[in-house]
Structure formats: C-alpha cells, structure tokens
Amino acid sequence: YLVVVSNPLSEAHQDVFVNGSNRSFGKAAAEATGKLLDGKGDILLMEGVPSPINTERVSAFREELEKSWPEIRILESQASYWNAEKGLALMENFLQKHPKVDAVWTGDDDVLSGALKAYSESGRTDLKAMIGGGGAKNVVKRILDGDPLVKATVSYSPAMIETGMDQALAGLRNGKTPPGGKNEIIIPSEIITRENAENFYFPESVY
C-alpha cells in the first residue's frame with residue numbers, strides 16, 4: 001500500500017497521492033499582488049526551476065492577473081531556480097534593466113531573501129511590495145512584524161506529510177483501501193498577510 005506525497009511518480013503506482021495545489025499557489029500570489037498594488041503597476045516575476053510544477057504556478061499567476069488585474073503589467077519573468085544566491089543575482093540584473101518597478105513576486109521565500117539583499121544594496125526606493133512563496137518562518141515573521149516591503153507570501157503546506165501519514169495508516173487499517181475512496185488529496189495554498197500571519201508562524205519549525 002503506497003502513499004506518495006508532493007512529487008508524483010513517473011508512472012502512477014500509488015494508492016493515494018497527496019500534494020499541494022500548484023495552480024492555487026500561483027493564483028493566490030497573483031491575488032495578493034493585485035490587492036497590494038490596488039490593481040495597477042509594473043511587476044517582475046522570479047520563477048523557480050523550469051519544470052511542470054513551475055509551469056503550473058506561473059501559468060496560474062499570469063491567468064489570474066489577466067482575468068482580475070489587467071492593469072498590472074509583467075515587465076519580465078526569469079528563472080531563479082528557488083535559490084537565494086540566484087535570486088540575488090537575478091534581482092541585481094532586473095534592477096539594472098528596469099528603472100521603475102512596483103512589485104516583485106519571487107515565487108519562493110528563499111529567493112525572496114536574496115532579492116531583498118540586492119534591493120537593499122541598490123539604494124532603490126521604488127518597490128511597493130515583495131511577495132514570496134512557501135511560508136518560511138523568517139518571511140512570515142517579517143510580515144507579522146509589519147515589514148514595509150515584505151507584505152505577503154503564499155503557503156505550501158508542510159502538513160501534507162502529516163496528511164500522507166494519516167492516509168497510510170488509515171488505508172492499512174482499512175484493508176489497503178484509500179479512506180473515503182479518495183485517490184488524490186490536493187491541499188490549496190493560502191495568502192499570508194499581516195492579518196493572518198500568526199496562524200502560519202511556527203518559530204520552532206526548521207523552515
């Protein structure tokens with residue numbers, strides 16, 4: 001009896017698949033961006049590793065902007081590989097190329113830390129907001145403390161491993177039958193802002 005969490009197998013042999021919703025991840029980030037900019041502005045996208053996961057997130061982000069926030073313009077979008085150092089280098093490049101930027105979606109909270117460093121060192125003051133992704137405790141703490149720049153991130157629930165373990169135990173106790181007959185459980189992402197950040201802040205967490 002096999003339960004797979006987060007990363008799908010190349011061939012679906014699992015009994016239950018538990019995953020975060022990558023489309024809702026991108027959609028939630030776009031919603032947060034739109035609200036923080038009051039529906040107008042020029043933004044930059046710092047994508048993750050070129051992969052199906054990244055494609056789902058970025059496609060959903062773009063679709064939500066086009067649908068709900070058509071006056072927000074994407075100046076440029078490049079891969080930052082979910083890496084802080086690459087995020088720093090990419091942000092430096094972006095800032096040299098674009099004299100005015102209203103917001104940046106880093107797509108990942110590790111990348112956000114690198115992008116923040118580059119922005120701080122640049123001396124620029126034009127950014128209104130930076131939006132992360134993943135719900136890292138250091139980023140959530142910044143939001144909770146009212147950081148003037150880091151105003152939102154998006155959850156990608158680490159509790160999915162708990163859900164997977166519950167599904168495994170329940171399935172074994174149920175004669176190797178998925179509980180409730182569900183073969184797939186998708187956990188949606190949520191927007192994290194100062195209003196709800198305390199619900200996502202776990203200071204003893206590794207991440």
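**Reading a residue, a charge pair and a cavity**

Guide: Ser189 sits in the loop between strand E8 (184–187) and strand E9 (191–192); helices (H or I, at least four residues) and strands (E, at least two) are DSSP runs, numbered from the N terminus. The model is predicted, so local features need pLDDT of at least 70 and side-chain atom pairs count only at pLDDT 80 or more, while totals for chains, interfaces and linings use all residues. Residues are numbered from 1 along each chain as its sequence is written, and side-chain values use heavy atoms, with hydrogens and water left out.

Visitor: Is Ser189 buried or exposed?

Guide: Buried means under 20% relative accessible area, exposed over 50%, and partly exposed in between (1.4 Å probe, protein chains only). Ser189 is buried, at 11%. Leaving aside neighbours within four places in sequence, Ser189 is in contact (heavy atoms within 4.5 Å) with Ser21, Ser24, Phe25, Val154, Ser155 and Tyr156. A polar atom of the Ser189 side chain lies 2.7 Å from the backbone oxygen of Ser155.

Visitor: How many salt bridges are there?

Guide: Side chains of opposite charge can pair when their charged atoms come close. A salt bridge is a side-chain nitrogen of Lys or Arg within 4 Å of a carboxyl oxygen of Asp or Glu, and the count comes to 11. One of them joins Lys27 to Glu31, with the closest N and O atoms 2.6 Å apart. Both residues lie in helix H1 (residues 22–36), 4 residues apart, about one turn of the helix. Lys27 is partly exposed, at 35%.

Visitor: Which salt bridge links distant parts of the chain?

Guide: Asp42 and Arg73 meet in a salt bridge at 3.1 Å, N to O. Asp42 belongs to strand E3 (residues 41–47) and Arg73 to strand E4 (residues 72–79), 31 residues apart. Asp42 counts as buried, at 16% relative accessibility.

Visitor: What does a search for cavities find?

Guide: On a 1 Å grid over the protein atoms alone, a cavity is a set of points where a 1.4 Å probe fits but cannot get out; lining residues have an atom within 4 Å of a point. The whole structure has 1 cavity of 30 Å³ or more. The largest cavity holds about 50 Å³, a volume being the space filled by probe spheres set on the points, which are joined across faces, edges and corners. Its lining includes Phe25, Met46, Arg57 and Trp105. E3 and helix H2 (52–68) each give two or more residues to this lining, and H2 provides the largest share, 3 residues.

Conventions
A polar contact is a pair of N or O atoms within 3.5 Å; within protein, one must be able to donate a hydrogen and the other to accept it, and residues adjacent in sequence count only if both atoms are side-chain atoms. On a 1 Å grid over the protein atoms alone, a cavity is a set of points where a 1.4 Å probe fits but cannot get out, and a pocket is an open set with protein on both sides within 12 Å along at least five of seven lines; lining residues have an atom within 4 Å of a point.
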